[in-house]
Structure formats: structure tokens, C-alpha cells
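Subject: Structure handover

Hello,

Here is the structure you were expecting. Please open it alongside this message; my notes come after it.

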Amino acid sequence: MLSAQERAHVAQVWDLIAGHEAAFGAELLLRLFTVYPSTKTYFKHLGVCPDEAQLLTHGQRVLEAVGVAVQHTDHLRAALSPLADLHAQVLRVDPANFPQLIQCFHVMLASHLQGEFTVQMQAAWDKFLTEVAVVLTEKYR
Amino acid sequence: MDAGQVEKAQSLGLLTGTDSLCPAVLFSPLRLLVVYPWTQRFFQSFGDLSSADAIMGNSKVKAHGKKVLNSFSDGLKNIDDLKGAFAKLSELHCDKLHVDPENFRLLGNVLVCVLAHHFGHEFNPQVQAAFQKVVAGVANALAHKYH
């Protein structure tokens, strides 16, 4: 449950990303695969060394979904229900991987935005993404 | 860690003594308490932790943070034997301080974020990977003597 202040911080973070979903998404995936190579097991279709075009395409998809979540922080379950179904029935990404993705997100934002990505924004963004991860994995059983 | 990764870690100036510790790094423990507020449980006697601003300005936390990071960088001088380097500290954290090792992983992650803040675009995926390995190694070493 995000407070009003936290929702404001989440919106602030999203404003800094919006319009660049493909680029940020691609970098997010590249960091994830480089830092946590076991996560590549969920992306066999991208091959052993995904090329830039593949990262941009898939990265955009991931970040657009985050954008949907940002617009619906009040009712994440409803907004992300189809994605939750997909993760439960098809993708079945082990829940332990989501904190790794979230860490890469923070590092990416910190390296791009530096001082603009304040500690309050990081705290709110972490809480928000953790909630998204819970919603995406709660239909698993 | 392989030689290339150690080089990358060293080149970013983290593996140095107190005076040359990148000042930005000193903010990591403060940020830990803001981003993961349950970690404040170890610092009840440290004064005002009621808001992000209070935490970031808290001199007791900052001083303790400096102590923690000095131990971190001292231990890293023995990067080939982290378990040996952190053995005593591991016993202390288990037997006296009763700190869940998950906290070491959280601090490591926050430290990596602070480095990313500081170094910006230079902190590319490969550099992040090297540092995540280093902080994971330290976290494991600190957890090693738990029983």
C-alpha cells in the first residue's frame, strides 16, 4: 500500500523514464543478464547473446508493463491480472528473480539520473516494484 | 573474482583506506535505513530516525556507517580470502550483534547503487557485475561463521 507521498515519488521516477521505455528496458535486461546470468534461462528465445534489437523489443515490453502499473498503483491486481496469469501459467519465473531485476532497475536509474534519483524516490520505487512482483507471482499456487 | 574484475573494482578506487574512501560511499548505510526501514531495528539508540531527512543527517549513523565501510574496505584487501578476512566480524555479528545475514546483502546492494549514483555512465553492466560479485562475497563471508 503506497502512501500519497510514495505515489508521487513513483510518478516522479516514471516521468524521468517515460518516452524512453525501449532504451531503459534494453539496458535493464542487459544488466540483469550480465550481473545475474542465471536469469537468462527465462529468455531462451533471445539466444545465448541477445542482440540489441531483441533487447530493445523485449525491454520496451517490460517497461511498458511497468508504465501500466504506475498508472494503476491503486488497483495493481486488476491492471496486471493478464500479466499475472501469463507469469503463473506460462512464464513461471521463480519469485527469487524479481529482487534481482529490481536491484538492476535501481542501479540503472542511479547511474543515469544520479542526484535526480533521490533516496526517497528509491525507497518508493523499491516498495512499488516489490508490490508489482508480489502481484505477478501471487497466482503461482 | 577473476583478475579483470578485481582490476575494475580497484580502478574505481574503492579498495583504499579511510581517507581515500570515495565520500559518496559513506552514504550507503544511511540510504539502507531509508530504503529498507526495518534495518533501523539495530539502531534504536541512535537518535532521530523518524524521516529520510532525519536519517540522512544523523551523525551517529554516519559515524557508524564509516566504521562499517572501513571494515569493508579493509577486508577487501584480502579479496582472495574473504572468509578468513571477515571471520572474526562474522562471529561478532552472529554471537553478539544478532544481525540477520540478509542485512549484509541489502547493504551490499545499496552500496552498489551509491557507486552507480557516483560514477554515472561509467558504472556499466560489466562494472556492476564485478561489484555485485564483490559485495556478495563479503556478505557470504560475514555469514560464514553463523551457527
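Below is what was found, starting with how the numbering and the values work.

This is a predicted model, in which local features need pLDDT of at least 70 and side-chain atom pairs count only at pLDDT 80 or more, while totals for chains, interfaces and linings use all residues. Residues are numbered from 1 along each chain as its sequence is written, chains are lettered from A and ligands numbered from 1 in the order in which they are written, and side-chain values use heavy atoms, with hydrogens and water left out.

Chain A overall

An unreviewed UniProt entry annotates residues 1–141 of chain A as "domain: Globin"; such annotations may be inferred rather than shown by experiment, and the positions are given in the numbering used here, with feature names shortened. Over that stretch chain A is 70% helix and 0% strand, with its end C-alpha atoms 22 Å apart. Helices (H or I, at least four residues) and strands (E, at least two) are DSSP runs, numbered from the N terminus.

Packing between the chains

Two packed helices are described by the angle between their axes and the distance between the axes. Axes are lines fitted to C-alpha atoms, for helices over the stretch in contact, and angles run from 0 to 180 degrees between N-to-C directions.

Helix 2 (residues 21–35) of chain A packs on helix 8 (residues 125–143) of chain B at about 40°, the axes being 9 Å apart. The two are therefore oblique to each other (under 35 degrees is roughly parallel, over 145 roughly antiparallel, 65 to 115 roughly perpendicular, the rest oblique). The contact (heavy atoms within 4.5 Å) involves A:Leu30, A:Arg31, A:Thr34 and A:Val35 on one side and B:Pro125, B:Gln126, B:Gln128, B:Ala129 and B:Gln132 on the other.

Helix 7 (residues 119–137) of chain A packs on helix 2 (residues 28–35) of chain B at about 45°, with the axes 9 Å apart. That makes this pair oblique. A:Val119, A:Gln122, A:Ala123 and A:Asp126 meet B:Arg31, B:Val34 and B:Val35.

A:Glu131

Helix 7 of chain A also holds A:Glu131. Leaving out residues up to four places away in sequence, A:Glu131 touches A:Met1, A:Leu2 and A:Leu76. A polar atom of its side chain lies 2.5 Å from the backbone nitrogen of A:Met1.

Packing within chain A

Helix 1 (residues 4–17) and helix 3 (residues 52–71) of chain A cross at roughly 145°, and their axes come within 10 Å. A:Val10, A:Trp14 and A:Ile17 of helix 1 meet A:Leu63, A:Val66, A:Gly67, A:Val70 and A:Gln71 of helix 3.

Regards

Key. A polar contact is a pair of N or O atoms within 3.5 Å; within protein, one must be able to donate a hydrogen and the other to accept it, and residues adjacent in sequence count only if both atoms are side-chain atoms.
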